[in-house]
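Subject: Structure handover

Hello,

Here is the structure you asked for. Please open it first, then read the notes below it.

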2 protein chains.
Amino acid sequence: MKDLSPVTFIISIMLALLSVFMILPVAFVGFTDSPNAEAFLFSATGVFTLALIGMLMTRGHSRYLKPRYMFILTISSWFLISLFAAVPLYFSDLNLSVTDALFESVSGITTTGSTVFSGLDEMSPDILYWRSILQWIGGIGIIGMFVAVLPALGIGGMRLFTTESSEWTDKALPRMKTLGRGLVFVYVSFTILCMLTYLASGMSVFDAVNHGFTTIATGGFSTSDQSMGKFADSNLLMLEASFFLILGALPFFLYVREINGQHGVLWRDQQVRAFLLLVIVVTLIMTTYRLWNETGDPFSLFTATLFNVTSILTTAGFASEEYQLWGPFAFAGFFFLMFVGGCSGSTTGGMKIFRFQLSFMVLREQFKRLLHPRAVLTRKYNDRAVSDEIIASMIAYAFMFLACLLAGTMALSFFGLDFITSLSGTLTALTNVGPGLGDTIGPAGNFQSLPDEVKWILCFGMIAGRLELLSVMVVLSPGFWKG
Amino acid sequence: MKDLSPVTFIISIMLALLSVFMILPVAFVGFTDSPNAEAFLFSATGVFTLALIGMLMTRGHSRYLKPRYMFILTISSWFLISLFAAVPLYFSDLNLSVTDALFESVSGITTTGSTVFSGLDEMSPDILYWRSILQWIGGIGIIGMFVAVLPALGIGGMRLFTTESSEWTDKALPRMKTLGRGLVFVYVSFTILCMLTYLASGMSVFDAVNHGFTTIATGGFSTSDQSMGKFADSNLLMLEASFFLILGALPFFLYVREINGQHGVLWRDQQVRAFLLLVIVVTLIMTTYRLWNETGDPFSLFTATLFNVTSILTTAGFASEEYQLWGPFAFAGFFFLMFVGGCSGSTTGGMKIFRFQLSFMVLREQFKRLLHPRAVLTRKYNDRAVSDEIIASMIAYAFMFLACLLAGTMALSFFGLDFITSLSGTLTALTNVGPGLGDTIGPAGNFQSLPDEVKWILCFGMIAGRLELLSVMVVLSPGFWKG
């Protein structure tokens with residue numbers, strides 16, 4: 001139990017921060033205009049009290065974290081924050097079930113953006129603010145995790161992104177702090193910039209602030225049942241939203257390096273180049289396909305295609321129209337786009353672009369080996385040698401991903417959901433995209449009508465997906481609890 | 001061009017054999033009762049003449065085959081045999097288009113079992129015999145390929161199955177010949193045994209012979225539009241068919257070893273154990289699910305479930321009923337079962353059971369490594385060390401498989417097919433299963449109504465899938481033609 005002290009301490013600090021964020025919706029709307037002011041303030045007080053008790057109880061204990069407890073910290077922090085973030089939703093004027101409150105909270109914190117709410121356009125503004133803030137917290141949370149935790153744990157090939165500061169030594173700590181401050185600065189600046197841009201292009205203050213939060217976090221929660229369809233008439237807004245989504249999908253530590261004088265690191269990064277190329281190629285193919293099949297203003301059609309493609313590729317999951325109606329080619333395309341995700345170190349989910357690049361590298365290598373069995377080959381990614389261990393770790397991730405997709409699909413279909421809903425529902429949870437495919441959970445639908453059991457399964461999927469699966473699964477493996 | 005001499009010579013021998021097989025349908029039915037006797041005999045003569053010319057032209061040339069030409073031989077032999085096997089179909093009384101004749105021929109030779117024919121129950125018996133014989137030839141063809149070619153080429157992790165005889169040295173040649181004779185003996189014996197069993201259990205001679213050919217080959221062509229549904233009333237036949245399908249799905253070289261006195265090798269083999277376990281577990285789960293949802297005789301329900309599950313797992317693709325109606329859980333289950341396939345060295349297609357085992361091995365290894373970063377780990381499969389190279393080669397295969405699935409699905413949906421048809425159609429071609437999912441190409445439908453372009457794509461997919469993808473793709477890579 002003593003070993004759990006540092007875990008309790010760190011989570012208590014996180015909860016204290018969460019309680020401060022809980023006051024924001026009321027502050028934004030104004031106490032008298034906030035229908036759920038009491039729910040928020042009551043929850044904030046409760047969570048803060050708990051956090052305080054946790055901190056006091058573990059004050060002065062050792063801060064040393066055994067590797068095994070790093071996993072426990074990682075997972076329990078995301079589970080507990082989701083749980084406590086659901087409290088104000090549960091006590092709000094929406095009369096939600098525990099399941100629905102938790103689902104919305106998990107979907108927020110993991111920046112997934114699947115929703116069980118409808119009637120967003122008439123919903124209390126404090127609730128809408130809270131959903132957007134949750135995604136924004138989740139976004140910076142995952143960026144921090146990527147820098148501080150995941151490479152050190154060696155999850156799914158992420159050792160590729162270790163730096164001197166991910167060593168968790170006393171020497172590395174100051175560097176880590178500097179990097180952390182840089183990341184927060186970039187994240188906040190981008191958010192404000194995005195809000196101001198939206199505002200200047202015609203959104204209301206309320207819409208600009210909310211969508212600013214959820215764009216940079218590549219979250220996908222909106223203030224309207226139409227999602228970004230509310231602004232689909234403005235080509236400018238579609239372009240701007242696509243731009244800021246892409247900003248959110250690139251590795252944030254590279255922005256910090258650019259600011260610190262390492263000019264060009266962003267552009268030279270293999271992840272960044274591949275991701276941008278993919279956005280461009282897919283948008284062009286999809287636009288051509290649509291121009292062939294549809295009539296309408298070509299430029300609007302281009303901006304809408306760019307926006308919806310970008311939104312799925314960045315795992316935000318906003319929609320500006322019902323893209324399932326673009327034809328079977330587009331439908332299949334969106335299915336595969338849901339797997340991809342953005343860059344490691346960004347706010348996006350998905351399998352991440354670098355894993356596809358590594359796989360492709362192995363494939364090319366095998367082609368060479370088939371023809372020249374004795375050739376000596378070396379793998380490099382961003383000028384770093386890619387060891388067999390990194391490849392093995394990446395396969396483990398990919399295999400686990402497909403195994404979870406199988407298990408989730410079977411579980412959902414067991415509860416009676418049709419194949420496309422089961423498959424795309426599991427997929428969209430694991431990749432933190434948001435909408436699925438089909439009539440129920442597609443871009444025009446929502447997750448409200450699903451059975452409670454399914455919502456719980458998807459909650460688990462969203463958190464597991466957010467934490468690169470292996471970090472969650474290893475804790476569930478029997479070996480973890482031995483010795 | 002001179003390098004192509006051995007390729008031409010070997011293919012000529014194969015075509016000469018094919019021409020002999022072309023006489024069989026007429027021989028079985030009797031010349032006067034065979035409506036397409038002329039088509040078959042004319043084709044046989046033509047193909048034999050061509051083969052003779054090929055053999056005479058390359059007589060006395062060097063027999064040495066450069067590695068690069070091994071790939072060319074592998075691919076061109078399957079393409080050319082499919083092409084010539086289509087000739088009698090094209091000239092038959094069915095009035096087929098070139099596309100349809102070729103599709104049926106490729107589907108036969110690759111033991112896929114997708115069909116563009118309907119009205120099988122009234123079709124000329126010589127045509128039905130020819131389809132069954134094609135699958136039977138394809139079955140022994142792939143067993144031979146597995147022993148003689150694929151491990152030597154190092155395709156998709158198959159180096160794991162190299163033996164002394166796969167070295168292609170002069171010393172290894174006698175061993176290879178003995179093994180080859182053993183394989184033919186086992187294959188023929190199993191086929192005759194299967195036919196006699198079917199006959200004894202109530203099938204007509206015609207049905208027993210045809211289904212005997214296509215069961216051992218795990219092919220899936222039938223003599224009825226109902227497929228094995230024609231015999232669904234007989235629990236005994238369902239059990240027997242399942243048994244012989246499983247026989248066809250195990251590694252044939254192990255049967256030869258058993259006969260040669262190495263008792264127990266079959267049962268000790270990790271592939272065999274995993275495959276049998278999978279059949280049992282999936283059948284039990286699916287039967288339980290059905291017992292819960294359906295009424296009817298439990299034993300019949302069990303035998304039908306066993307048969308249809310086995311049929312998809314062995315990539316035969318027979319159906320005894322419309323299993324898509326068993327409920328969404330079964331539907332999703334059959335989708336995933338289509339990926340698996342049987343054992344390497346059998347007549348089955350699919351990704352093959354050993355690749356899942358290797359992936360799972362890597363996953364378990366990673367779990368250990370996450371908890372004990374300094375642990376020294378060794379991988380073993382069937383008492384053989386599994387090198388990083390074998391793992392890399394397996395990833396290359398898996399990545400190529402998924403890339404082909406993506407490309408095929410996009411291509412099919414481009415021609416207007418719905419998502420489930422596009423996805424399952426590509427999948428069923430790549431894994432050589434046979435039927436897809438959905439209303440069009442599901443177990444109760446067929447491939448007749450698909451656009452010609454789609455049929456050509458699927459033909460390519462069936463051959464590429466049959467040859468473990470990489471052997472085909474490497475020839476299409478620019479590097480192959482350099483130097």
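**A buried threonine in chain B**

B:Thr348 is buried, with a relative accessible area of 1%. Buried means under 20% relative accessible area, exposed means over 50%, and partly exposed is in between (1.4 Å probe, protein chains only).

Before going on, a word on the ground rules. This is a predicted model: local features need pLDDT of at least 70, side-chain atom pairs count only at pLDDT 80 or more, and totals for chains, interfaces and linings use all residues. Residues are numbered from 1 along each chain as its sequence is written, chains are lettered from A and ligands numbered from 1 in the order in which they are written, and side-chain values use heavy atoms, with hydrogens and water left out.

Back to B:Thr348. Where is B:Thr348 found? B:Thr348 sits in the loop between α15 (328-340) and α16 (353-371) of chain B. Helices (H or I, at least four residues) and strands (E, at least two) are DSSP runs, numbered from the N terminus.

Leaving aside neighbours within four places in sequence, B:Thr348 is in contact with several residues, including B:Thr218, B:Ala249, B:Thr314 and B:Arg466. Contact means heavy atoms within 4.5 Å. B:Gly248 is also one of the residues in contact with B:Thr348. The C-alpha atoms of B:Thr348 and B:Gly248 are separated by 7.3 Å, although the two are 100 residues apart along the chain. A polar atom of the B:Thr348 side chain lies 3.2 Å from the backbone nitrogen of B:Gly342.

B:Thr303 belongs to helix α14 (residues 298-313) of chain B. B:Thr303 is buried, with a relative accessible area of 1%. The side chain of B:Thr303 reaches the backbone oxygen of B:Ser300 at 2.9 Å. Not counting residues up to four places away in sequence, B:Thr303 touches B:Asn235, B:Met238 and B:Leu239.

**Salt bridges**

Side chains of opposite charge can pair when their charged atoms come close. A salt bridge is a side-chain nitrogen of Lys or Arg within 4 Å of a carboxyl oxygen of Asp or Glu. How many does a search of the whole structure find? The search finds 20 salt bridges over all chains.

One of them joins A:Arg290 and A:Glu321 (3.3 Å, N to O). A:Arg290 lies in helix α13 of chain A and A:Glu321 in the loop between α14 (298-313) and α15 of chain A, so the pair ties together parts that are 31 residues apart in sequence. A:Arg290 is buried, at 3% relative accessible area. A:Glu321 counts as partly exposed, at 30% relative accessibility.

In chain B, the side chains of B:Glu294 and B:Arg290 meet in a salt bridge (2.9 Å, N to O). B:Glu294 is partly exposed at 26% relative accessibility, whereas B:Arg290 is buried at 3%.

B:Glu365 and B:Arg379 form another salt bridge (2.9 Å, N to O). B:Glu365 lies in helix α16 of chain B and B:Arg379 in the loop between α16 and β1 (380-381) of chain B, so the pair ties together parts that are 14 residues apart in sequence. Both B:Glu365 and B:Arg379 are buried. In chain A, salt bridges that share partners join A:Arg290, A:Glu294 and A:Glu321 into one network.

**Where the chains meet**

The contact takes 52 residues from chain A and 52 residues from chain B. Together the chains bury about 4,600 Å², 85% of it on carbon and sulfur atoms. Buried area is the accessible area (1.4 Å probe) that two parts lose on being put together, summed over both. Between chain A and chain B there are zero salt bridges.

On the side of chain A that touches chain B, the largest share, 16 residues, comes from α17(A). That side divides into 37 nonpolar, eleven polar and four charged residues. Ala, Val, Leu, Ile, Met, Phe, Trp, Tyr, Cys and Pro count as nonpolar, Asp, Glu, Lys and Arg as charged, and the others, Gly among them, as polar.

**How the copies are related**

Best wishes

Methods: A polar contact is a pair of N or O atoms within 3.5 Å; within protein, one must be able to donate a hydrogen and the other to accept it, and residues adjacent in sequence count only if both atoms are side-chain atoms.
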